[in-house]
Amino acid sequence: MNNQVKTIYLHAGMPKTASTSIQDTLDINRNLLMQMGYLYPYNHTENYGALFYTKFLEEPEKYFRSIKNNRSRKDCEKICKKSHESLVKDLETSKCDKVIFSGEVFSLMPEEMLRKTKEYLKSLMPESEIKVILYTREISDYINSYIQERIKEKGDVGNIYNNHNKYEKALSKLSKVFGKNNITVHKFEDTFVHKYGPVGHLCDLLGLSDNEVEKLNIIRTNEGIKDIPIDMISYINTIFPMLKDQKLNENRTYIDLDPIRNLSGNKFVLPIETRKKIRENSKEDILWLKENFSIDYSNEPVYQEPSEMIFDEVFEKEMKNASGKLSKTVLILTYSYFEYKLDNSNLDSISIKTFNNLIEYYNENYMNIFSKNSTKQMLEKYKKIIQKRKKRIDTLEELKTNISKNKKHDEANYYRDIAIFCEKHNKIEAAKSFMEIAKLYKPYTESISKRYDKYSELFEKKEILKAQKEEASNVSLVRKVARKFKKNVKKVLNK
């Protein structure tokens, strides 16, 4: 217990607002900060947000960070115990009256977990007052950056449209637990005018003087992944997901895509229509943020068109160098990607030549792998997976296009009922798709939005991966559902 600490600064993110740079700067300047009266406790995991999330989670071994590092429940408990002992020791020996904890996960924690975090900190520093610092980012720009990080961390894009009331949810929970008056919110975009960027801006909020900030070694990290590696990784993880049943999939490792993640390319930018749709879905959240914290994102940003991906000699050279570092599984998957791009894309002549050269290179240099019948069978299997997925997506996109052209609000309940029917039969992906259609009719109806959020969360849980695989028979299922409800769905899906 430390009665000297008067202020605890809880830097709570949000994600994609330079949190990694802030944490790396605080970490490398720990001793210097102590001389200035600030304790940034040593941690035995990525950051204190992740630590407390693991500490108060009922099944910490199922937390993604635990899965990727292959940590068992005992491993998690051991890390939490070690970090607790380290924190207690730091507090016993420190003469600082200010303590800093940083973790973007704080903004994502459930309310009960935040309360446990607060109780834990107050038990160690009973005379302290907890001040929360949080940065926001324009929502479509945030999602654009989030996808890059998710690709690096989890290997898939996730549901980019499931961000309803993101800021309201985070700030409402934090306000309930710590009090609204103890929360400081700033635009991430405003931090770039600071001489030392987001890190310097946070240091100002902590109360460091200009002279003190100048002494710090400012770290800038976490550069975004480019468009070509994002395209490749998305394909690979569609075919062979990294995670299965909340465990690393067989023959996959957390680092097996590292050589691909580092490939060059253009800056990743979502299509303009996608970003506009994200903002449209977030209208209520933008308004809430302005009314409650005076953070104004009502002006639509200037959108940048994504650049065309060209697979040139630079990509060919990088891919050849990377191929020797790939596991056998990922090597075969990249070969499948080359074939897929040749068969399914409107490629320029340079890209066509590049992919043909790479296929020839793989066959020559990895003959022991690609001459085997088992490899050829795997490649055929991957092609069928993509074809089935493309057929389902095209069918649903056609249905969405027809609805967008002729919106009738009384149709929303019809598609909602189909989604609920699919849910009862444990067809979560189909339920999610139909509820998304219902949302096209009534985008601001709370009951429909809540059910869509529910299906999105269920879909992401790995215990239903088996159910997802059964969705290959989705066309047959939809036909049965259509016969039960209205003839017009059957006509659309049988085109």
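Me: What should be kept in mind about the model and its numbering?
Reply: This is a predicted model in which local features need pLDDT of at least 70 and side-chain atom pairs count only at pLDDT 80 or more, while totals for chains, interfaces and linings use all residues. Residues are numbered from 1 along each chain as its sequence is written, and side-chain values use heavy atoms, with hydrogens and water left out.

Me: How many helices and strands does the protein have, and what makes a run count as one?
Reply: The protein has 25 helices and seven strands; these are DSSP runs numbered from the N terminus, a helix being H or I with at least four residues and a strand being E with at least two. Of the contacts (heavy atoms within 4.5 Å) with a separation of 6 or more, 77% are between residues 24 or more positions apart.

Me: Why is Cys80 not assigned to a disulfide?
Reply: A disulfide is a pair of cysteine sulfur atoms within 2.5 Å, and the nearest cysteine sulfur to that of Cys80, belonging to Cys76, is 6.7 Å away, so Cys80 is in no disulfide. By this rule the count for the structure is zero disulfides.

Me: What angle do the axes of H3 and H5 make, and why is H3 called oblique to H5?
Reply: The axes of H3 (residues 48–55) and H5 (residues 73–93) come within 10 Å and cross at roughly 125°, where axes are lines fitted to C-alpha atoms, for helices over the stretch in contact, and angles run from 0 to 180 degrees between N-to-C directions. Angles under 35 degrees count as roughly parallel, over 145 as roughly antiparallel, 65 to 115 as roughly perpendicular and the rest as oblique, so H3 is oblique to H5. The contact joins Tyr48, Leu51, Thr54 and Lys55 of H3 to Cys76, Ile79, Cys80, Ser83 and Leu87 of H5. The crossing is left-handed, a term for a near helix turned anticlockwise from the far one by less than a right angle, with right-handed used if it is clockwise.

Me: How do you know that H15 is roughly parallel to H17?
Reply: The axes of H15 (residues 313–323) and H17 (residues 349–365) come within 10 Å and cross at roughly 20°, which makes H15 roughly parallel to H17. H15 passes H17 in a right-handed crossing. On the H15 side, Glu313, Phe315, Glu316, Met319, Lys320 and Ser323 meet residues of H17 that include Phe355, Leu358 and Tyr362.

Me: What makes a set of residues a nonpolar core, and which members of the largest one touch the most others?
Reply: A nonpolar core is a set of buried Ala, Val, Leu, Ile, Met, Phe, Trp, Tyr and Cys residues joined through side-chain atoms within 4.5 Å. Of the 94 residues in the largest core, Phe101, Phe315, Met319 and Phe338 touch the most other members. Apart from that core lies another, of 21 residues, among them Leu33, Cys203, Leu208 and Ile218. Cys203 has a relative accessible area of 4%, and so is buried. Leaving out residues up to four places away in sequence, Phe338 touches Met232, Phe315, Met319, Phe355, Leu358, Ile359 and Tyr362.

Note on methods. Buried means under 20% relative accessible area, exposed over 50%, partly exposed in between (1.4 Å probe, protein chains only).
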